[in-house]
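Please look at the sequence and the structure below.

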Amino acid sequence: MAEMTLHIDSPDGERDVSLDDELTIGRTEPCTLIISDTGLSRRNTTIFRDGDDVLVVDDGSTNGTFLNGRQLGSSPVVIKNGDVLKLGTYTTISVTMGTVEPKPINEPDPEKPKSTEQKPVATKPTVAKDNSSKILVGSVGMIAVIVVSAVIALAFFSGEPATVASNPGNSTPAVISSSVIPMRVIDPLGGENDEDLDDLMASWEVEEDPIIAAAVDDISGAKSAEGEPDLNVSAALLADRQRVAMADRNGETGIRPSGLNVPKELFGDGVIKQKAKLREMNSSGYQQPLDFGDLAIKRLNKELIEMPMAAESYYLDVGGSASDGPFTSFAFPNVRGELAPGNPKYDALARLASDFSGQKYDLNNAAHRKQMRIRLLRMFNKLARPILLELAGAYYGKFKRPLRVTSLTRSMDYQISLNATNANSFPVRGPGSLPPHTSGCAFDLARKQMTAEEQNFVMNKLAEMENAGKLDALIEYGTNACFHVFIYSDGRPPKM
């Protein structure tokens with residue numbers, strides 16, 4: 001039996017692994033090789049021996065397994081010396097037959113960008129030996145099928161809004177009240193797990209544009225309701241906190257700086273409690289905000305509170321991708337329409353604009369609409385505020401820098417607009433799971449600007465708070481390198 005070595009280059013570093021019998025690769029147990037690549041599914045790929053052959057098969061992963069640039073189907077495919085597998089977001093496996101010198105695990109350059117090449121059109125490889133003519137004929141036929149399918153898919157999944165009147169008023173399509181949590185993103189090529197929140201998060205955790213302090217209005221004369229924080233903050237303070245948070249360090253920073261030690265609470269399948277709590281919210285009838293009109297309703301009903309844009313210990317880097325266009329409604333599958341007076345969502349926005357905690361806005365003014373959007377994105381569950389302040393206070397007390405908070409609550413249409421540039425995103429096709437940032441219970445803490453010492457401190461604090469039953473936390477890699485924090489909507493951990 002020929003010896004086979006797999007040279008693996010992933011966010012965990014580089015290593016050589018000998019294939020004895022079977023190797024399952026994924027993000028969590030019970031895989032035999034666990035890799036902290038957020039683009040991997042929980043069980044992503046299996047490589048195994050069958051007599052003298054070595055085969056690879058994709059295990060129905062969300063983002064696929066690619067052999068020499070071709071996406072695998074559901075059938076095992078023979079691999080040979082020199083083949084290259086790509087899976088997840090950053091993981092590459094090179095195949096070598098014969099003996100090789102073992103290589104130690106080396107941390108990759110945290111600032112070296114990984115390949116972002118576009119995935120090829122999915123084809124289903126065939127296991128074959130000395131059958132090239134059939135492969136050629138089959139390939140031509142498959143290409144024809146794919147071209148036709150692609151045309152149909154583009155027409156169906158194009159993401160273009162359904163045709164609606166430009167000023168529909170009450171005719172704006174209403175959200176179906178029976179669809180309490182009417183969201184799931186579906187891979188048109190299939191393979192994702194509809195119940196797997198990890199797969200959902202891997203494709204939906206997207207970072208928006210950084211906030212430009214000069215484009216943000218001061219809040220002055222604001223009147224906060226009882227139990228809510230003082231919102232009176234100047235854009236100058238926001239700019240100052242941003243400058244201090246992003247200032248150069250004297251040590252190595254990045255996604256994986258040397259000395260990074262991830263505690264078990266944030267590693268692997270780190271959202272078990274989050275998934276359970278989201279299911280509870282789903283079953284109890286939580287109304288997901290589909291658009292900014294829904295966010296306004298939640299603000300008026302005091303379901304969510306607004307956080308001040310900056311303080312000594314933190315600043316909110318949210319709303320950088322907010323537009324200044326007219327407010328629109330969103331309904332599934334992808335129906336949009338401009339809101340007009342008489343529509344309940346428009347009326348809610350108008351009511352909020354007349355007295356947004358003491359501030360007044362004009363819905364006919366583009367600049368005012370943008371400022372309202374930025375403020376609506378500063379909201380989350382009131383129980384998240386003391387948790388964020390505890391984390392920020394501990395971090396500031398240690399390093400005299402503010403935490404950079406990059407996401408709080410998002411409406412579904414805003415999340416979809418961010419995913420328009422996300423290569424891992426899927427078109428919207430129907431009801432299903434609840435993305436964490438539309439729950440009002442999640443916020444992200446950016447970490448790329450931090451040293452290993454800073455990141456380890458925050459992770460240890462998060463692990464401490466998770467063990468105390470206050471939250472569920474996860475470390476994320478890739479472009480949205482952050483600490484994802486999820487609090488419990490009722491203050492109680494889920495029943496496990």
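Q: Leaving aside its neighbours within four places in sequence, which residues is Ile34 in contact with?

A: Contact means heavy atoms within 4.5 Å. Ile34 is in contact with Asp12, Arg15, Gly26, Arg27, Thr28, Glu29 and Phe267, leaving aside neighbours within four places in sequence. This is a predicted model, where local features need pLDDT of at least 70, side-chain atom pairs count only at pLDDT 80 or more, and totals for chains, interfaces and linings use all residues. Residues are numbered from 1 along each chain as its sequence is written, and side-chain values use heavy atoms, with hydrogens and water left out.

Q: Is Ile34 buried, partly exposed or exposed?

A: Buried means under 20% relative accessible area, exposed over 50%, and partly exposed in between (1.4 Å probe, protein chains only). Ile34 has 25% relative accessibility, so it counts as partly exposed.

Q: Which residues of helix α8 are buried?

A: Helices are DSSP runs of H or I, at least four residues, numbered from the N terminus. In α8 the buried residues are Ala384, Ile387, Leu388, Leu391, Ala392, Tyr395, Tyr396 and Phe399. They lie on the same side of α8, because they cover an arc of only 155 degrees around the axis; the arc is that of the directions from the helix axis to the C-beta atoms.

Q: Why do residues three or four places apart point the same way?

A: An α-helix has 3.6 residues a turn.

Q: Which residues does Glu454 touch, not counting residues up to four places away in sequence?

A: Glu454, found in helix α10 (residues 452-467), touches Arg249, Tyr395, Phe399 and Arg401. Glu454 is buried, with a relative accessible area of 2%.

Conventions: Helices (H or I, at least four residues) and strands (E, at least two) are DSSP runs, numbered from the N terminus.
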